[in-house]
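User: I'd like to learn how to read a protein model, feature by feature. Could you walk me through it?

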Amino acid sequence: MKVLVTGVKGQLGYDVVRHLDALGIENRGVDIDDFDLTDEAAVRAYIGEYRPTCIVHCAAYTAVDKAESEPEKCFAVNVTGTRNIALAAKDVDAEVLYVSTDYVFDGFSRETPWEADDPKDPQNVYGKTKYEGELEVQKLLDQYYIVRICWVFGKNGNNFVKTMLRLAQSHDEISVVCDQHGAPTYTYDVASLLCDVIASHKYGVYQAPNEGDITWYDFAVEIFRQTGKDTKVIPVSTEEYAKMNPQAAPRPKNSRLSKKSLDEAGFSRLPDYKDALARYLKEL
């Protein structure tokens, strides 16, 4: 196996390379300095020279609110860029693992977990482009994996945990949304799963956050509990939060993802989010 990992400077790409290195699997992590995803010729030339047997495509435009005012840029990276990766993979007969998101669903029309094959109806630019990226992979390739995650936190980059810890240094009280449900995804844990998935050759669509069914409010409370901080967390509705902190992109109230496809393929679920958070805080 010879693996190319895009987005190595991001949270997930960084951890995927860490796991591949630990497993002794030949790999190379790349980012914008190596080639521009939106340049088809550059992508195909780089991948044609390296000739990986699998590409783990973690790179993406992930600025959810900014995407609303930069739809063309978001589309170029998440759709055109993914198409270019798929075309290059086809050139060298490589598999592709595409990392996607809960935002491909509408996030409002149900309260039970979204199944992998449920109808897609993304409600913001970021979600729409990630779903179109999924479609490009499915259209161009037979050998692919799609893995959806949500509420990502990892060592290499900004995330909710780091934001809460930073705010706690200057705020005695923090208002956090209490009516958006989901589960966090620790990049170290899901990176390990991604390595298992590409080693299995069990193609398909998977959903893999850590175990748990919580709100952002619950997550904040747990962060401060584990770090021993006495910062007060005030639960507010999505609507109340939007008045205090206007957001350009609508956020899903239901980000719960069913892991049925993981179970059916024989993959282990990720650990409980509290366990993941404890290990992450030690790493920080």
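Analyst: Let's begin with labels: helices (H or I, at least four residues) and strands (E, at least two) are DSSP runs, numbered from the N terminus. The model is predicted, so local features need pLDDT of at least 70 and side-chain atom pairs count only at pLDDT 80 or more, while totals for chains, interfaces and linings use all residues. Residues are numbered from 1 along each chain as its sequence is written, and side-chain values use heavy atoms, leaving out hydrogens and water.

User: Which residues of α2 are buried?

Analyst: Buried means under 20% relative accessible area, exposed means over 50%, and partly exposed lies in between (1.4 Å probe, protein chains only). In α2, the buried ones are V43, Y46, I47 and Y50. They line one face because, looking down the axis, they fall within an arc of 90°; the arc is that of the directions from the helix axis to the C-beta atoms. Here's the general idea: an α-helix has 3.6 residues a turn, so residues three or four places apart point the same way. On the face turned away from the buried side of α2 you'll find the exposed A41 and E49.

User: What do the buried residues of α2 pack against?

Analyst: They pack against β1 (2-6), β2, β3 (54-57) and α4. Contact here means heavy atoms within 4.5 Å. Now look at N84, which sits in α4. N84 counts as buried because its relative accessibility is 3%. Skipping residues up to four places away in sequence, N84 touches L37, T38, D39, E40 and V43.

User: How many residues are in the largest nonpolar core?

Analyst: In soluble globular proteins, nonpolar side chains tend to be buried together. A nonpolar core is a set of buried Ala, Val, Leu, Ile, Met, Phe, Trp, Tyr and Cys residues joined through side-chain atoms within 4.5 Å. The largest one here has 31 residues, and those with the most contacts inside it are L4, F35, I47, I55, I85 and L141. α4 (71-92) is among the elements that each supply at least two residues, and α4 gives the most, with eight. There's also a second, separate core of 28 residues, which includes V99 and Y145.

User: In what order do the six strands of the open sheet come?

Analyst: Two strands pair if DSSP finds at least two bridges between them. The order is β2-β1-β3-β4-β5-β10, with parallel pairing. The edge strands, β2 (26-30) and β10 (204-207), each pair on one side only. Between β4 and β5 there are six bridges, and V99 stands opposite V147 in β5. Packed on the sheet is α5, which touches β4, β5 and β10, and its direction makes about 160° with that of β4. Axes are lines fitted to C-alpha atoms, for helices over the stretch in contact, and angles run from 0 to 180 degrees between N-to-C directions.

User: Which residues of α6 are buried?

Analyst: In α6 (residues 160-168), they're F160, V161, M164, L165 and A168. These residues are on the same side of α6 because they cover an arc of only 135° around the axis.
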